[in-house]
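This briefing describes one protein chain with its ligand, topic by topic. Keep the structure in view while reading.

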Amino acid sequence: MLVLGLETTCDETAAAVVRREGDGPGQILSNVVRAQLEEHAAFGGVVPEIAARAHVEALDGVIAAALSQANVGLRELDGVAAAAGPGLVGGVIVGLTAAKALAIVAQKPFVAVNHLEAHALTARLTDGVAFPYLLLLASGGHTQLIAVLGVGQHVRLGTTVDDALGEAFDKVAKMLGLGYPGGPEVERRATGGDPARFAFPRPMFGRAEPDFSLSGLKTAVRLAAERIAPLSEQDVDDLCASFQAAATDVVANRVRAGYRLFSARFGLPSAIVAAGGVAANQSIRMALKRLSGELGRRLVAPPLALCGDNGAMIAWAGAERLALGLSDDLDFAPRPRWPL
Ligand code: KG4
Ligand code: ZN
């Protein structure tokens, strides 16, 4: 089965062609991502109106590149998928409309994909992970622990009561004068810093419910930065390292709580899966690797290129639905809010 997937929910314009055969991992024939970094850099965050316009301008070229790199014609596709949310409505409309038009031209089914489910299913694309599994979904807008029981079958075990994990990285980066998106910048600066210089709080540590709270940690970083200002380069490195150490401890502790709850309710998960942009963080990956080893479970974290937003995960989620006989009507409306 060959599926084209489009992703336009935030600040990446992406298209990809993926092949799904049987129950094993999928094959990525092309995965074209055009990030809108320069467009939003000056604003320190994504500006929805600018994002929507940039998607309009880039999408045709990105789709053409994805089809030609995969060496696949429109008519050879078995379906066209687009992320229909959650995300910025302007961008979602662009991708959704394009996918519907292509489905009409190709005379193939259209699939509306939940962006979060696409992140969640990436571990099946890359590693053929069997259901059920425990998922940590951590991005700029979401921080959730989810029991993934099947396609379209998820149980949320815990979530953040305030900031998302990626949002905390982005806000710390912003207050330290680092670039956007902040996660990769904070991680880069942390490598030269002392993780033990600042004893930042580990909110929710030890709680049985696998929830997160990150705003107190973020505030602690701001107060420490204000206390020692003006900041030297080394101060910034140390603040980043100490923040990342605290965030990493929190993640490992909360995933452990999620694992306990999962096991009590659903039995042993086939794997622990990390997904979303924050899963690119090496410190967090290493901590999850250690935890998984201790629990005797496999850790599956997508390769870096598939952690952030991309078209391959949308195409794959579309293929998973098509394989179950699921597709959507052409009047499917954008869902800027669409919880898993
Ligand atoms: O999944 P994603 O690409 O977009 C959505 O939010 O849906 O995630 C982006 C988020 C941003 O907050 C970014 O700062 C964070 O993931 N991120 C990271 C790293 N790379 C990206 N956070 C920590 N460490 C990283 N290496
Ligand atoms: Zn995402």
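Around ligand 1 there are 20 residues, and Gly140, Gly166, Gly183, Gly277 and Asn281 come nearest. A residue is near a molecule or strand if its C-beta atom, placed from the backbone, lies within 6 Å of it. This is a predicted model, in which local features need pLDDT of at least 70 and side-chain atom pairs count only at pLDDT 80 or more, while totals for chains, interfaces and linings use all residues. Residues are numbered from 1 along each chain as its sequence is written, and chains are lettered from A and ligands numbered from 1 in the order in which they are written.

**The ligand shell**

- α5 (165-175) and α6 (182-190) each give at least two residues to the shell around ligand 1. Helices (H or I, at least four residues) and strands (E, at least two) are DSSP runs, numbered from the N terminus.
- By class, the shell around ligand 1 holds six nonpolar, ten polar and four charged residues. Ala, Val, Leu, Ile, Met, Phe, Trp, Tyr, Cys and Pro count as nonpolar, Asp, Glu, Lys and Arg as charged, and the others, Gly among them, as polar.
- Ligand 1 lies between domain 1 (2-122 + 307-323) and domain 2 (131-269), because both domains give residues to the shell around it. Domain bounds come from an automatic or database domain assignment.

**The two domains**

- The centres of domain 1 and domain 2, taken over C-alpha atoms, are separated by 27 Å.
- Nine residues from domain 1 and ten residues from domain 2 make up the contact. Two residues are in contact if their C-beta atoms, placed from the backbone, lie within 7 Å.
- On the side of domain 1 that touches domain 2, α1 (37-41), α4 (115-127) and α11 (311-323) are the elements that give two or more residues. The largest share of that side, three residues, comes from α4.
- That side of domain 1 has three nonpolar, four polar and two charged residues.

**The sheet β3-β2-β1-β4-β5**

- Five strands form this open sheet in the order β3-β2-β1-β4-β5, with mixed pairing. Two strands pair if DSSP finds at least two bridges between them.
- β3 (27-35) and β5 (110-114) stand at the edges with a single partner strand each, so one side of each is left without a neighbour in the sheet.
- From one strand to the next, the twist averages 20°. Axes are lines fitted to C-alpha atoms, for helices over the stretch in contact, and angles run from 0 to 180 degrees between N-to-C directions.
- Strand β1 (residues 2-7) and β4 run parallel and are joined by four bridges. Leu6 stands opposite Ala82 in β4.
- α2 lies across β1, β2 (12-19) and β3, and runs at about 25° to β2. α4 also packs on this sheet, touching β2, β4 and β5, and its direction makes about 95° with that of β5.

**The sheet β8-β7-β6-β9-β10**

- This open sheet has five strands in the order β8-β7-β6-β9-β10, and its pairing is mixed.
- β8 (153-159) and β10 (298-300) are the edge strands, each pairing on one side only.
- Strand β6 (residues 133-138) and strand β7 (residues 143-150) run antiparallel and are joined by six bridges. Leu137 has Gln144 in β7 as its bridge partner.
- β7 and β8 also pair in the antiparallel sense, over six bridges, and the bridge partner of Val148 in β8 is His154.
- The hairpin of β7 and β8 has two residues between the strands, and Gly152 takes a positive phi near 75° there.
- Helix α8 (residues 233-266) lies across β6, β7, β8 and β9, at about 30° to β7.

**Helices α8 and α9**

- Two packed helices are described by the angle between their axes and the distance between the axes.
- α8 and helix α9 (residues 282-295) pack at an angle of about 30°, and their axes are 9 Å apart.
- Residues in this contact include Val251 and Val255 in α8, and Ala287 and Leu291 in α9.
- By class, the contact of α8 with α9 has nine nonpolar, three polar and one charged residues.

**Backbone details**

- The peptide bond from Phe131 to Pro132 is cis, with omega near -5°, and Pro132 lies in the loop between α4 and β6.
- Another cis peptide bond joins Ala229 and Pro230, with omega about 0°.
- Asn71 has a positive phi near 55°, although it is not a glycine.
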